[in-house]
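Welcome, and please have your viewer ready. We will go from one selection to the next and look at what each one shows.

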Amino acid sequence: MNVFVSRLIPEAGISKMEEAGIKVTVWKEDRPLTSEELIHHVQQHDALLCMNREKIDKPFLNACPHLKVIALYSVGYDSMDVTEATRLGIPMSNTPDVLSDATADIAFTLLLAVSRKAFFHHRRILNDEWDFFRPTANLGIELKNKTLGIFGLGRIGLEMAKRCRGAYNMKVIYHNRNRNQEAEKEIDARYVSFDELLEQSDVLSLHTALTPETKDRFTMNEFRKMRSKAIFINTARGAIHREEDLLKAIQDGIIWGAGLDVTNPEPMSPDSPLLRLPSVCVTPHIGSATEEARTGMALVAAENIIAGLRGERLPNVIDPSVYDK
């Protein structure tokens, strides 16, 4: 059995698959595969370990129906045609849990950086503008006892909420499709309607999956319902917010600022006006970028590949109904 790996991943994952007797082929060029190249290579392998950035769509899947398993090196799977994979009997998996802390850390980092305009002040140093002291210029805002709103209170959202409660005694409100009663007990989180979430949050942090229902969920209509001193944090998926609306909302003082680890489009253009706003901080989708998280992701993906090639149920199967066929 053999597997094609579409990017260079931590050695721990490669070694785990090789120790299980699997031949591993890794794409090592520092560029993404074209769709044609991906199909060509995968047609010669029994399994695929890939990134969410690869387009695993209907044409790809129908060109590679022989696959025994597709393991994603990510939690999100919005670029994957899971329905078509299930129709073809190809189980797909992701890597939940192992990057919850790392991603929550980035959300918390962005919150702190935005609240004190940290990136803006760093640019002042680079521009040789660390000069005359102005007591009322470019002030930040404090977070103690403020209200944190979570849109999507799952594993990552819960870790973000714990950080905010522990550090700043922030009250936690949230909106989900379903109530998270475990989180309500653990951190005294309060379930609210979507409109209440917008109206009551001093900080609104997104931790939901990208779905047809959440795409473009945050537009000018939603920003207008938020507090004028509100901070918007998105470490989930860029397409959940409409970026031109976010820019205008901050420029017009409708909300105070934003911290983004994901953008729309992605990658963000270096010419984006958002990058020049004092109360905006942007990082290049590095939510899982720690040695621990990326190694954990590699091991989980490897475990899914091994199970799939052995004909066993994937530990992290995305659509369990694939086994009903």
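Two packed helices are described by the angle between their axes and the distance between the axes. Here the axes are lines fitted to C-alpha atoms, for helices over the stretch in contact. Keep in mind that this is a predicted model.

**Stop one: H1 and H12**

Select residues 11-19, helix H1, together with residues 291-309, helix H12. Their axes lie 7 Å apart and the packing angle is about 20 degrees. Angles under 35 degrees count as roughly parallel, so H1 is roughly parallel to H12. The crossing of this pair is right-handed.

Now show side chains. From H1, pick Ala12, Gly13, Lys16 and Met17; they meet a set in H12 that includes Thr295, Ala298, Leu299 and Ala302. Glu303, Ile305 and Ile306 of H12 belong to this contact too.

**Stop two: H5 and H7**

Next, select helix H5 (residues 100-115) and helix H7 (residues 155-168). How do these two axes cross? They come within 8 Å of each other, at roughly 50 degrees, which makes H5 oblique to H7. This crossing is right-handed.

On the H5 side, the contact residues include Ala104, Ala107, Phe108, Leu111 and Leu112. On the H7 side, look for Ile156, Met160, Arg163, Cys164 and Tyr168, among others. The contact divides into 10 nonpolar, 2 polar and 5 charged residues.

**Stop three: the cysteines**

Stay with cysteine 164 for a moment: it is buried, with a relative accessible area of 0%. Which cysteine sulfur is closest to the sulfur of cysteine 164? It is the one in cysteine 281, 15 Å away and therefore too far for a bond.

Then jump to cysteine 50, which is buried as well, with a relative accessible area of 0%. The closest cysteine sulfur to that of cysteine 50 is in cysteine 64, at 11 Å, too far for a bond. The structure as a whole holds 0 disulfides.

**Last stop: H11**

Finally, select residues 243-251, helix H11, and colour by accessibility. The buried residues here are Glu243, Asp245, Leu246, Leu247, Ala249 and Ile250. What covers them? Following H11 you come to glycine 253, whose phi is positive, near 75 degrees.

Notes
Residues numbered from 1 in each chain as written. Predicted model: local features only at pLDDT ≥ 70, side-chain atom pairs only at ≥ 80, totals over all residues. Heavy atoms only, no water. Disulfide = S-S within 2.5 Å. Buried < 20%, exposed > 50% of the residue type's maximum accessible area, 1.4 Å probe, protein only. Axes fitted to C-alpha atoms, helices over the stretch in contact; angles between N-to-C directions. Helix = DSSP H or I, 4+ residues; strand = E, 2+ residues; numbered from the N terminus. Parallel < 35°, antiparallel > 145°, perpendicular 65-115°, else oblique. Left-handed = near helix turned anticlockwise from the far one by under 90°. Contact = heavy atoms within 4.5 Å. Nonpolar A, V, L, I, M, F, W, Y, C, P; charged D, E, K, R; others polar.
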